[in-house]
Amino acid sequence: MSLNVSLYTVSALLILDNEGNRLYAKYYTPPTENDINNNNSSSSQSGNSSHHPKTAKPSTSSKSSSQLKFEKSLFSKINKVHQDILLYDNNLIVYKQINDTSIILVAPINENECLMYSTLSNLVESLNILLNNTIDKTTIVENYDLVVLAIDETIDDGGIILEYDPATIVSRVTNAPVSSGAAGVVDLKNIDLSEKGLFNALSFAGKKLGERLQQGL
């Protein structure tokens with residue numbers, strides 16, 4: 001019997017305000033078998049010996065009516081049941097309500113709820129560190145770039161969970177490459193890849209995480 005094991009474990013990541021309006025939404029679509037076959041065929045024709053599956057293309061900012069309807073109805077469901085983990089519309093839902101926001105992770109119904117909840121909890125912890133222990137609508141909007149980077153460091157474009165450790169996520173976000181004058185050109189001089197540089201980044205994230213743990217939040 002096939003266990004249907006897949007790395008593509010996340011279907012969507014949503015951040016909604018206290019009225020169910022979208023602050024952030026990313027829907028993940030893993031590559032299909034046809035995508036992989038077509039990509040391999042193209043690689044063969046071009047003489048490329050290395051075959052790589054086509055990267056999934058999430059509908060990051062698409063506000064289709066079906067997505068917005070799903071988000072509104074899900075928000076209504078969350079506010080009725082008041083549970084951290086629930087099943088809705090044939091999906092596994094894990095979420096955290098913080099101040100005037102709801103951070104929601106949507107996964108296939110057969111996924112491990114403990115794994116999904118751990119992923120969401122660590123992402124929220126990363127955001128707490130990056131946003132100076134203040135997660136609310138205003139702070140998210142004002143620091144939207146940090147929020148997006150943290151999510152992208154946690155989950156890739158196909159819905160694969162990349163990282164669980166809040167300190168690692170924060171260190172990658174706070175040490176992101178800085179573009180120089182030319183558009184799209186990364187200034188490598190601003191990236192400290194030495195052992196000391198990496199240690200300093202992890203120390204910063206560890207210090208922030210320690211402060212959170214001492215507060216008991």
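Predicted model: local features only at pLDDT ≥ 70, side-chain atom pairs only at ≥ 80, totals over all residues.
1. The axes of α3 (residues 113-130) and α5 (residues 144-154) come within 10 Å and cross at roughly 145 degrees.

2. Which residues make the contact? From α3 come Thr119, Leu123, Leu127 and Leu130, and α5 supplies Leu146, Val147, Ala150, Ile151 and Thr154. Sorted by type, the contact of α3 with α5 has seven nonpolar residues, two polar and no charged.

3. Now to the aromatic rings, where the count comes to two pairs. Tyrosine 24 and tyrosine 144 form a tilted pair, with 6.1 Å from centre to centre and 55 degrees between the planes. Tyrosine 24 belongs to strand β2 (residues 22-27) and tyrosine 144 to helix α5, so this pair ties together parts that are 120 residues apart in sequence.

4. Are these two tyrosines buried or exposed? Tyrosine 24 has a relative accessible area of 2%, so it is buried. Tyrosine 144 counts as partly exposed because its relative accessibility is 35%.

5. The other pair, phenylalanine 70 with tyrosine 88, is also tilted, at 6.0 Å centre to centre and 40 degrees between the planes. Here too distant parts of the chain are linked: phenylalanine 70 sits in helix α2 (residues 65-81) and tyrosine 88 in strand β3 (residues 85-88), 18 residues apart.

6. As for accessibility in this pair, phenylalanine 70 is buried because its relative accessible area is 13%, under the 20% cut-off. Tyrosine 88, at 17% relative accessibility, therefore counts as buried.

Methods:
Residues numbered from 1 in each chain as written. Heavy atoms only, no water. Axes fitted to C-alpha atoms, helices over the stretch in contact; angles between N-to-C directions. Helix = DSSP H or I, 4+ residues; strand = E, 2+ residues; numbered from the N terminus. Contact = heavy atoms within 4.5 Å. Nonpolar A, V, L, I, M, F, W, Y, C, P; charged D, E, K, R; others polar. Phe/Tyr/Trp six-rings, centres within 6.5 Å; stacked < 30°, edge-to-face > 60°. Buried < 20%, exposed > 50% of the residue type's maximum accessible area, 1.4 Å probe, protein only.
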